[in-house]
Amino acid sequence: MMRLHKVYHRLSPFSSSPPPFSLSPNLNLNLNLRFASSSRRTPGHLRTHSRNAFKPAMTASRFHHLVPVNSALSEDGTAGNGSANASATFTEEDDENVAIGVKYRIPPPEIRDIVDAPPLPALTFSPVRDKILFLKRRSLPPLAELARPEEKLAGIRIDGKCNTRSRMSFYTGIGIHQLMPDGLLGPEKEVRGFPDGAKINFVTWSNDGQHLAFSVRVEEEESSSSKLRVWVADVETGTARPLFQSPDIYLNPVFDNYVWVDNSTLLVCTIPLSRRDPPKKPLVPSGPKIQSNEQKTVIQVRTFQDLLKDEYDEDLFDYYATSQLVLASLDGTVKEIGTPAVYTSMNPSPDDRYLLISSIHRPYSFTVPYGRFPKKVDVWTTDGQFVRELCDLPLAEDIPIAFSSVRNGMRSINWRADKPSTIYWAETQDGGDAKVEVSPRDIIYTQPAEPQEGEQPEILHKLDLRYGGISWCDDSLALVYESWYKTRRTRTWVISPGSKDASPRILFDRSFEDVYSDPGSPMLRRTPAGTYVIAKLRKENDEGTFVLLNGNGATPEGNIPFLDLFDINTDSKERIWESDKEKYYESVVTLLSDQKEGDIHINDLKILTSKESKTENTQYYIQSWPDRKLCQITDFPHPYPQLASLQKEMIRYQRKDGVQLTATLYLPPGYDPSKEGPLPCLVWSYPGEFKSKDAAGQVRGSPNEFASIGPTSVLLWLARRFAILSGPTIPIIGEGDEEANDRYVEQLVSSAEAAVEEVIRRGVAHPNKIAVGGHSYGAFMTANLLAHAPHLFCCGIARSGAYNRTLTPFGFQNEDRTLWEATNIYVEMSPFMSANKIKKPILLIHGEEDNNSGTLTMQSDRFFNALKGHGALCRLVILPFESHGYAARESIMHVLWETDRWLQKHCVSNASEVSADLDTRKDRASNEVTESENKAVAASGGGSAELADDFESEQCHSNPRSLM
């Protein structure tokens, strides 16, 4: 059945028209590398990833393997106002045409040109660090790719034609460059042999760096199948060929895909050859859909989406997710192992003798996604012989919603990275319920893959907080992490896995909110087995046990990344590298001197670093000890030269309760306040919860970082002569027994007032022309600010938000009390309940297929109807086929057009009168907040909120076999 592609515009009859936009965290860095013996310059793409503040970082590299989806697209619709200055004239005829129009539109050229800049390849090092791989990609995908039919099953979306996750991104080509001894790159060797127009995924190196494996799919109009095939390429020649000689063997990457078992053999998830056509949905159901809780089990879950709905969905899930495991050698040998099942992961042991095989099985659930389904973990030999069952966990619908609650039973099962075939795992002692007080709370066990008869698991360590992972080194050293969300406490233990006599000791004990005290994370080195362990260093005439701690270096002046040589035994440290503080922002990306086994001598240390400034985009360098010689390996052109001279400043200010706040202020290129005066300003933010005022006031980020602009970034409006206040901190603080959301509205308004006062005080923002916007929880923030602080903003833009918290009754964001335990909080925080107070223009935008927990498309639909019911000036744009974030070029361009039009009409052209005295407006707003709080308490029946601890937070920590 053909599906209509259109944008739905829903307008209040009392309004004119509005537009949306999106803020993307994507950092697209243009890349030209320096070549030896060649004048040819090939583009590439390199990204670093940020670490989760709540979990210890255990990665060897900060490279992020990008897999962006791409294809060219034609423009549909007409361009908006192309004027370089931020002014526009709107007529009634224009508004009427916009109100009834359904075509996709495109933003002004100064915005469109930045978004349409061609993307550049991703970049990855070989395991032996002698080559660099370029993975080429296309620009934003067309809407037609998102419009492909998809099945929504058990919390995932499946493209039945490809038998893979839907909306899967891809590469278009692979180039190989030799890394020369002097740091320059040899000429490109293009991988060839696969069909023209092939879409490439899952590119992985063999452990010895001699071969590549990747999947290929080709869209054939006349064919009903676009399933993936596995290909391999010889790195020296660049020649690629199919792994399987039979054309009937396809990859099934719904969960796992394939893994190198050794340098010449891959274990592949394939579509069973015996599989036939998918099950057909019965025209007449066999009976009603029934769910029962006659056992009176307490089951509280977040608002998960795309769940199984009936028996037909269960059959369809089995059909697409079931795989046959196949061992395939480069010489053409193929062997099926095991029976078809829904395999979710396969992990070879470091010595390649065993496999950890995880699978899920019935009974399935209509309440929770596949991650909570019954789970079985087995040990096999690599030739497919069953060794033993580690666990068969039952369906887990009843994991409490409190943070730090987990699934009961064995979890985080993995191989020790420093041993040939030793398994370790954690088991909770509190039943997984964070409300239960018990000591220890978690126990870590270890056991050989094939234990002797009667050999019991060995207790490695006991924890009183929640287990958070292990960084392995050897029998004398491993670091164990634990944390507890309610108190924000995190601890790092030093243990000696091979010595029962050595007592574990706490190395670090701190609040993970306190970024100033972060000592950094240990850098990992790659082993010959392809695993990653803590890199040990040695110094001349020094018997100390040294590791490298790589940290962000947060300070009151901003981040100053560092690399410390840390003695594990004495806790002494020596700073051997630190970022420039004055002009540049530098960071350590990865360790390059890890090809050889054993400790690394300090004089043999080699690292990859990045360097950038406010106006200079990121470049990459290889730095070698002992002379600290720097070799620049990239020469990136500026990705958006039209904004090369933008002005950036990290500003600090204070809200009325004394909490220190920060924000990044961007001003357009060439802006002169004496000539242009105050500018229209766009404030874009996202609230965060804290347990202490001190932590909330700490500076995060660096004033010297390069301004990265994604396809829906708020910084695009610098090209339209806006001042941009990006990421002003909106801390929602709950100290002691108080929960952060107990005073959400009060703290939200106070933070916004402080930010607005600061940009007005600086003379860069016009008081009448300050707009506010945000995505997801930032959209929720935007709606609340327009309801409770109308004196601050002339209009708002809210994308993919949730506005009625009674529709997320079992917790949301970082709130783990239920609606019935904190009724007044849920009511007061819901802008839906204050829709009658919103008088400023608000633009709502939402993906029609939003799959994010809590942010159902219905949230925007109902909020719009509530606003319209009170005569608010509002506009709702629903984007067909889009999810929580927006991907298609048509959608993104239209979002930018809507946003620009909204800002031009309701911010730039705003002529509404503003009270001369901001304090007067603040007093008026304060009265409104108080009134709102009183009404909220009355609506909930009064009483204090009862604290409940519920939330699912199962952690899965594994040591990857192939990193940068």
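**Close-up views of a predicted model**

**Figure 1. Contacts of R167.** Leaving aside residues up to four places away in sequence, R167 touches L146, E150, R157, E849, F881, E882 and S883. The model shown here and in the other views is predicted. R167 belongs to the loop that links β6 (164–165) with β7 (173–178). One of the residues touched, E150, also meets R167 through a polar contact between the two side chains, at 3.2 Å.

Figure 2. Three strands form an open sheet in the order β4-β5-β6, and their pairing is antiparallel. The edges are taken by β4 (151–153) and β6; each has a single partner strand, so one side of each has no neighbour in the sheet. Strand β5 covers residues 156–159 and is joined to β4 by three bridges, the two running antiparallel. Within this part of the sheet, L153 stands opposite I156 of β5.

**Figure 3. Helix α4 against the sheet.** Helix α4, residues 311–321, packs on the sheet and touches both β4 and β5. The direction of α4 makes about 105 degrees with the direction of β4.

**Figure 4. Two cysteines, C391 and C874.** With a relative accessible area of 7%, C391 is buried, because the value is under 20%. C874 has a relative accessibility of 0% and so is buried by the same cut-off. Searching the whole structure for disulfides gives zero.

**Figure 5. Confidence along the chain.** The average pLDDT of the chain is 86, and 83% of the residues score at least 70. Residues 1–93 have a pLDDT below 50; in the model this stretch has 355 contacts beyond near neighbours in sequence. Residues 928–964 also have a pLDDT below 50, and here the contacts beyond near neighbours in sequence number 124.

Terms used
Residues are numbered from 1 along each chain as its sequence is written. This is a predicted model: local features need pLDDT of at least 70, side-chain atom pairs count only at pLDDT 80 or more; totals for chains, interfaces and linings use all residues. Side-chain values use heavy atoms; hydrogens and water are left out. A disulfide is a pair of cysteine sulfur atoms within 2.5 Å. Buried means under 20% relative accessible area, exposed over 50%, partly exposed in between (1.4 Å probe, protein chains only). Helices (H or I, at least four residues) and strands (E, at least two) are DSSP runs, numbered from the N terminus. Contact means heavy atoms within 4.5 Å. A polar contact is a pair of N or O atoms within 3.5 Å; within protein, one must be able to donate a hydrogen and the other to accept it, and residues adjacent in sequence count only if both atoms are side-chain atoms. pLDDT is the predictor's confidence in each residue, from 0 to 100. Two strands pair if DSSP finds at least two bridges between them. Axes are lines fitted to C-alpha atoms, for helices over the stretch in contact, and angles run from 0 to 180 degrees between N-to-C directions.
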